[in-house]
Amino acid sequence: MEAIVGSANVPRRPRTRFGAAVRSLLRSADLLRALTEADLRFRYGRGPGRFLRWLLEPFALVGIYLLFVTFVLDRSGPAPGLSLACAIVPFQLVMSTVANAMEAVDIRKPILLNMRFERKLIPLSSTLTESTAFSASFLIVVVMMAAYHVAPTLALLWLPLVVLVNLYLAAAAAYAATLLGLWLHELKPFLLSFVRMLFFLGPGIVPLAAASANSQEILRFNPLTGMFEAYRDVFLNGVAPAPWELLYPFGIATAVLFAFVPLYGSEQRQFAKVV
Amino acid sequence: MISVEGVGVRFYFDRHLKVVTAAAARLRPHGSTKWGVRGVSFESPGGEGIALIGPSGSGKTTMLRLLAQVYWPDEGRVVVRGRVASLLSIDAGLLALLSGRENAMLLGVLGGLSRRGSRRALESVRERSRLGDAFEQPVSTYSQGMRARLGFAVAEETESQVLLLDEVHEALDHEFRAIVEQRARALVEAGGVVVASGHDHQMLERLCTRAIHLDTGSVRNDGPFKEVQQAYLAAVDAATDASATW
């Protein structure tokens with residue numbers, strides 16, 4: 001299908017391929033930002049209430065698990081609160097992005113039924129929406145570092161790369177979740193439980209080193225294991241993340257994108273029929 | 001400006017008769033398929049209004065969604081040259097929890113404006129839509145007419161060459177209907193195309209000189225509005241008489 005803008009009262013088409021590519025990129029960026037802003041307001045409302053929610057949610061989660069680790073498991077270890085926060089922050093990004101992406105097509109039903117737009121941006125918009133809350137949740141890491149007197153080190157320079165891999169993993173999960181949310185509508189709670197389970201099938205509550213040697217080998221298959229450990233290295237251990245901690249989640253995310261993006265490309269044509 | 005060649009749109013259903021995507025249909029056996037429209041062809045060089053008429057379920061909305069590129073054809077080809085503005089759903093493409101302003105911003109960008117352009121157009125949209133203070137309120141508090149007014153006001157800002165209207169205009173009050181008709185006529189005079197569907201034939205006649213009668217997803221008649229409308233109404237009368245006799 002073809003839609004060609006060819007009139008004097010709309011901007012002229014660029015003369016070169018490079019110009020066309022730049023224009024298309026700028027248009028996609030505008031669209032992505034508009035979709036994300038609308039999604040943020042739709043999901044989190046407006047005003048200070050939403051910032052408060054973003055800030056408090058990780059504290060509530062860490063609080064629950066901290067009690068669990070300290071009193072139930074009786075395995076306090078070094079700075080358990082900070083260690084937990086290092087797992088909860090990256091996990092929350094993946095979890096909330098998956099939850100968002102599963103509903104992303106449904107909540108956009110009015111616009112999907114009314115006009116054409118680049119639907120490939122929907123999962124990216126889910127990722128960006130949740131990464132806003134994710135950035136607010138870093139406050140808990142700062143608070144925990146202060147509470148446990150853990151001073152920042154040069155390892156913090158690795159943080160941008162760790163965050164990028166985390167975002168890449170969340171975006172890949174978003175493409176899969178958007179399609180699975182459409183295909184297996186009735187299984188959404190089960191799919192979310194599966195993602196939640198990955199927190200416990202990884203070194204979420206206690207660090208990888210605290211697990212037995214056999215368990216460690218198995219836990220490494222979980223792509224979130226590398227992420228949790230990378231955040232711990234940067235904030236808690238003060239060392240550079242081990243290469244596998246970033247390369248393994250990156251590889252899994254790339255494989256998921258390879259599998260799901262082409263599928264998404266063909267399925268997006270049917271979105272308006274099924275919403 | 002519009003070229004539709006042997007177009008068909010197929011819907012896939014699972015065994016519970018829920019519409020699913022083609023890939024999902026392959027995963028779920030015992031489903032069925034149905035063509036929403038099939039073998040539809042027509043052309044418009046521009047400078048005309050086309051009414052799609054026919055009973056409910058005849059494929060009017062499917063055809064408009066094809067022209068808006070909301071649906072992709074499963075067979076055939078659709079070419080639309082020019083920027084398209086569309087009001088195709090009863091909620092006019094608006095997200096209920098967002099305010100009129102926020103929706104206008106989003107729809108402007110989706111409609112082809114840059115973010116800056118869309119932001120610049122907000123006051124104009126507010127004025128054109130005549131929503132007053134309601135522009136800042138969530139769209140969930142709007143009546144259907146208010147939604148249609150906002151949707152149309154945004155569509156106007158995108159300076160489109162093709163305008164698609166699916167019954168939405170029928171929710172408008174008389175004053176705003178006159179505005180829609182005036183703008184649609186101006187677009188046609190400028191060489192654009194208006195494609196409208198609905199059951200208010202008087203309004204359609206004022207907007208369109210040509211009509212296409214769709215029946216069970218196929219073109220039954222295509223020609224001057226009055227002729228096609230009369231043939232359609234005669235067919236409706238004949239069907240009503242037949243069922244009354246039965």
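**Entry 1. Terms and model**

I count two residues as in contact if their C-beta atoms, placed from the backbone, lie within 7 Å. This is a predicted model, in which local features need pLDDT of at least 70, side-chain atom pairs count only at pLDDT 80 or more, and totals for chains, interfaces and linings use all residues. Residues are numbered from 1 along each chain as its sequence is written, while chains are lettered from A and ligands numbered from 1 in the order in which they are written. I noted ipTM 0.85 and pTM 0.87 for the model.

**Entry 2. Arg149(B)**

I looked up Arg149(B) and found its place in helix H6 of chain B. I take helices (H or I, at least four residues) and strands (E, at least two) as DSSP runs, numbered from the N terminus. A residue is buried if 20 or more other C-beta atoms lie within 10 Å of its own, exposed if 12 or fewer, and partly exposed in between, with C-beta atoms placed from the backbone. Arg149(B) is buried because 27 other C-beta atoms lie within 10 Å. Leaving aside residues up to four places away in sequence, Arg149(B) touches Ser129(B), Arg130(B), Leu131(B), Leu172(B) and Phe176(B). I also checked Arg126(B), 23 residues from Arg149(B) along the chain; their C-alpha atoms are separated by 9.9 Å.

**Entry 3. The sheet of chain B**

I traced an open sheet of six strands with mixed pairing, in the order E6-E7-E8-E4-E9-E10 of chain B. Two strands pair if DSSP finds at least two bridges between them. The edge strands, each pairing on one side only, are E6 (84-87) and E10 (218-224) of chain B. From one strand to the next, the twist averages 15 degrees.

I then followed single pairs. E7 (residues 162-166) and E8 (residues 193-197) of chain B pair in the parallel sense over five bridges, and Leu163(B) has Val194(B) of E8(B) as its bridge partner. E4(B) and E8(B) run parallel and are joined by five bridges; here Gly49(B) stands opposite Val194(B). E4(B) and E9(B) also run parallel, joined by four bridges, with Leu52(B) opposite Ile212(B). E4(B) is mostly covered, as five of its six residues are buried.

Which helix packs on the sheet, touching E4, E7, E8 and E9 of chain B? I found helix H2 (residues 60-67) of chain B there, its direction making about 150 degrees with that of E8(B). Helix H6 (residues 144-157) of chain B lies across E6 and E7 of chain B and runs at about 180 degrees to E6(B). For these angles, axes are lines fitted to C-alpha atoms, for helices over the stretch in contact, and angles run from 0 to 180 degrees between N-to-C directions.

**Entry 4. Contact between the chains**

I recorded 32 residues from chain A and 42 residues from chain B in the contact. On the side of chain A that touches chain B, H1(A) gives the most, with seven residues.

**Entry 5. Helix H10 of chain A**

The 15 residues of H10(A) should span 21 Å, and the end C-alpha atoms are 20 Å apart, which agrees. H10(A) is mostly covered, with 13 of its 15 residues buried. Just after H10(A), Gly238(A) takes a positive phi of about 70 degrees.

Conventions
Expected span 1.5 Å × (residues − 1).
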